[in-house]
Amino acid sequence: MNEILLGVDPRDQSVPALVWAADEAVRRGLVLRLVVAVPPAHGGLRYDAPARRSALRMRAESAIANAEDLVRYLHDGLRIATERVNGVPATVLRDMAAHAALVVVGSRRLGRAAETFSESSVAVPLTARADCPVVVVRAPEHTAVHPLTVVVGVDGSEASRAAVAFAVEEASLREARLRAVWVRPRPVLAHDDGEEGLAERRRLLAESVAGWAERYPDVAVSQEVLRGHPVEQLALASQESLSLVVGRRGRGGHSGTWPGSTVHGLLHHAPCPVITVPLPQRERRTGDPARADRSRSGTADRPVSAPLGTGTRPPPRGTPGRADAPGPSTGSAER
């Protein structure tokens, strides 16, 4: 659990996601592992399959090299590792998430059908099934708005309690306040919309955040009960926040590929990074995973690798250690 994974998209890398992941790795003192997955080469004629696979690998190598250069430009002392893996991107990252503190990806804003059935969909299936928190970054975070705020959605469930635990730690790392929000859906019957129901939800909200102020005295915690649709109200509440943290219950529908309607809606509508926190795992594998359990994601293929903990720029491409990593020369920080 000593690393943050960043999913590198060889077609259109999200710079906000890369910046967010690098900054978070510095804040937490963790290794940043840049991961690019090379999907199977479908379609076309059988005889040109090797050429298509080679083109995919070259594009992946170029993308991860460019991402590494930008991260080193931003944080030259950050510990970085790079990895190229053969397999479907969402599956590769999901399997690697079992041994990570966080997984960070950008959002390609695919339609609903593509999110469910396309191999190019990453954010939604990864959010639904990863064993660690997943951060989906669509746009740069709101760092110019003060006071800095992290918003967490609360509904009294075990999943939302896990979200509160993560959110208060994140707020402490960011020197931000925490805004805990419970959204009450509008009732079908008017008589269900009384002060008694409001008081009960305020009590449950207070119980959900109880004790965290004592453990993190540097974090100011506010509590609000709002009325309306959860997606709409949480998106509005997070308009000027650093991030929105929500819990994820179970594995989701569609055989585990769907994270739930509220989380899915927030991935599309929240104007800040969305952090989805799964239920805590009772048992996790410890030690060096060696990336051995990858029968579903493919085989490891790592021609590009940077030493950990050096804090120095790797040798230029064209040297023996980087001979197969095409792309701009080392030292070019802007693409």
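Visitor: How many bridges join β2 to β3, and do these strands run parallel or antiparallel?

Guide: There are 7 bridges between β2 and β3, and the two strands run parallel. This is a predicted model, in which local features need pLDDT of at least 70 and side-chain atom pairs count only at pLDDT 80 or more, while totals for chains, interfaces and linings use all residues. Residues are numbered from 1 along each chain as its sequence is written, and side-chain values use heavy atoms, with hydrogens and water left out.

Within this pair, Arg-33 stands opposite Ala-81 of β3. Two strands count as paired when DSSP finds at least two bridges between them. The strands themselves are DSSP runs of E with at least two residues, and helices are runs of H or I with at least four, both numbered from the N terminus. By that count the chain has 11 helices and 10 strands.

The pair belongs to an open sheet of 10 strands with mixed pairing, in the order β3-β2-β1-β4-β5-β10-β9-β6-β7-β8. The edges are β3 (80–86) and β8 (221–227); each has a single partner strand, so one side of each is left without a neighbour in the sheet. Neighbouring strands of this sheet are turned against each other by 25° on average, direction ignored. Although β3 stands at an edge, β3 is mostly covered, with 6 of its 7 residues buried (under 20% relative accessible area, 1.4 Å probe, protein chains only).

Further along the order, β1 (residues 3–7) and β4 (residues 102–106) run parallel and are joined by 3 bridges. Here Leu-6 stands opposite Val-104 of β4. Helix α1 (residues 15–28) packs on the sheet, touching β1, β2 (31–38), β4, β5 (134–137) and β10 (274–278). The direction of α1 makes about 160° with that of β4; such angles run from 0 to 180 degrees between N-to-C directions, using axes fitted to C-alpha atoms, for helices over the stretch in contact.

Helix α1 also meets helix α6 (residues 158–174): their axes come within 10 Å and cross at roughly 85°. The two are therefore roughly perpendicular, a label for angles of 65 to 115 degrees. Contact (heavy atoms within 4.5 Å) involves Trp-20, Glu-24, Arg-27 and Arg-28 of α1, and Phe-166, Glu-169, Glu-170, Leu-173 and Arg-174 of α6. These residues divide into 3 nonpolar (Ala, Val, Leu, Ile, Met, Phe, Trp, Tyr, Cys or Pro), 6 charged (Asp, Glu, Lys or Arg) and no polar ones (the others, Gly among them).

The axes of α9 and α11 are 9 Å apart, at an angle of about 40°. That makes α9 oblique to α11, since 40° is neither under 35 (roughly parallel), nor over 145 (roughly antiparallel), nor 65 to 115. The contact takes in Pro-230, Val-231, Leu-234 and Ala-235 of α9, with Ser-261, Thr-262, Gly-265, Leu-266 and His-269 of α11. By class these are 5 nonpolar, 4 polar and no charged residues.

How values were computed
Buried < 20%, exposed > 50% of the residue type's maximum accessible area, 1.4 Å probe, protein only.
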